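Dear colleague,

Please find the structure below, handed over for your records. My notes on it follow.

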Amino acid sequence: VSRRTASLDVTASTATVVIAISFTDDISGLAYCSISLRNSVTGTSYSGSQSTSGGPLSGTVTVSIAFPQYAPPGTYVPYTVVCVDLVGRTNSTPGAMLTSAQLAVTSVQDAMPVVTGVAVSPTTLQTLGGSAQLTVVWSVTAPPTGINYCYVLIGAPDGTAFSIYGYTGNTTTYTLARYSPQGVYTAQSAQCVSKGGASGSVGLSGVLFTQTSAGDINAPAVLPGSVSFFPPTLDTSQSGASAFVNFSVTADISGLLYCNVYMIAPPGTTQSVACTTPTNAAGAFLMGWTQCTLNFPAFCAAGNWPLNYINCRDTYGKAVSIYRSELQTAAPLAITVTGMPDTLPPAIAGATSR
């Protein structure tokens, strides 16, 4: 094993080293070889592999290993070399036996970014009429390699949390969605990652901004006792058949976006049947009846197809899954399928080559 260059400089850009691996094989021929080089101090490793064509019994295979910009500087030594032949037999040679492939890498010494805080503007906004733009500014001391990205974890008034990612000259912009929860949004933590991969973080507290208009708090709800199927019985012995599922839904200020309805197939089959209600515009559907069509294929499994659950999502993004046990009703929440089901898989009579 040997390398074509004794050193790489990854200060300004990525760089590639080419490793030549000499091999012999007995009968089937070589499939591929791979090699990894590991920094003797940091333990960071980079690897590459190369396949062959035609399964040669001897020769040299060249493997390219790309080192990213700002890879940790120092001496990289072979960690392991693996060659595999066409029948899967593997030879793994410890890197300590292959000193001729050692590589010296020059780079900027990376360091941990020092994060001290985050600021957001504007500090007061509203999202009732539409989304709002935020500008996020990180206070951070960058290492010599520079900053790759930063993020801040923010606590929302409804008890959830979300992260804002980015970094262009220590700032980024973020779109706060329409109907975001009303109240105070607080900083919880911030982290920045250098272009060399080192990270620095800081715990935070305090108000970042306040959303003053009414916001979406609750996920949609299906009215218990409102779910019904029509017709409740289907015959699929000759062709596919359809049934409507109707139910009443209430939604918060952003309005219902859509609901999905999922049925459970009778035991012994993996078939599935589901449907989706029409999609609504923001704020257009706050309360009322909706429906979708369940399509059962011809010859599907006969028997009882009970409701599994209904999943509803509003236009702000809040979602809920309501299961059959939560939807009290006097009528059974199921569709009965009759007919002659297809119960046997295809039979294979044979195969011939042409």
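Which residue in strand 5 does Arg38 stand opposite? Arg38 stands opposite Ser45.

This is a predicted model, in which local features need pLDDT of at least 70 and side-chain atom pairs count only at pLDDT 80 or more, while totals for chains, interfaces and linings use all residues. Residues are numbered from 1 along each chain as its sequence is written, and side-chain values use heavy atoms, with hydrogens and water left out.

Strand 4 covers residues 30-39; strands (E, at least two residues) are DSSP runs, numbered from the N terminus. Eight of its 10 residues are buried, that is, under 20% relative accessible area with a 1.4 Å probe and protein chains only, where exposed means over 50% and partly exposed lies in between. Strand 4 pairs in the antiparallel sense with strand 5 (residues 45-51) over seven bridges, and with strand 7 (residues 74-85) over nine bridges, also antiparallel. Pairing requires at least two DSSP bridges between two strands. On the strand 7 side, Ser36 stands opposite Thr80. The hairpin of strand 4 and strand 5 has five residues between the strands, and Gly43 takes a positive phi near 85° there.

**The salt bridge**

A search of the whole structure finds one salt bridge, defined as a side-chain nitrogen of Lys or Arg within 4 Å of a carboxyl oxygen of Asp or Glu. Lys318 forms it with Asp158, and the closest N and O atoms are 2.9 Å apart. The pair links distant parts of the chain, 160 residues apart. Lys318 counts as buried at 16% relative accessibility, whereas Asp158 is partly exposed at 25%.

Yours sincerely

Conventions: Helix = DSSP H or I, 4+ residues; strand = E, 2+ residues; numbered from the N terminus.
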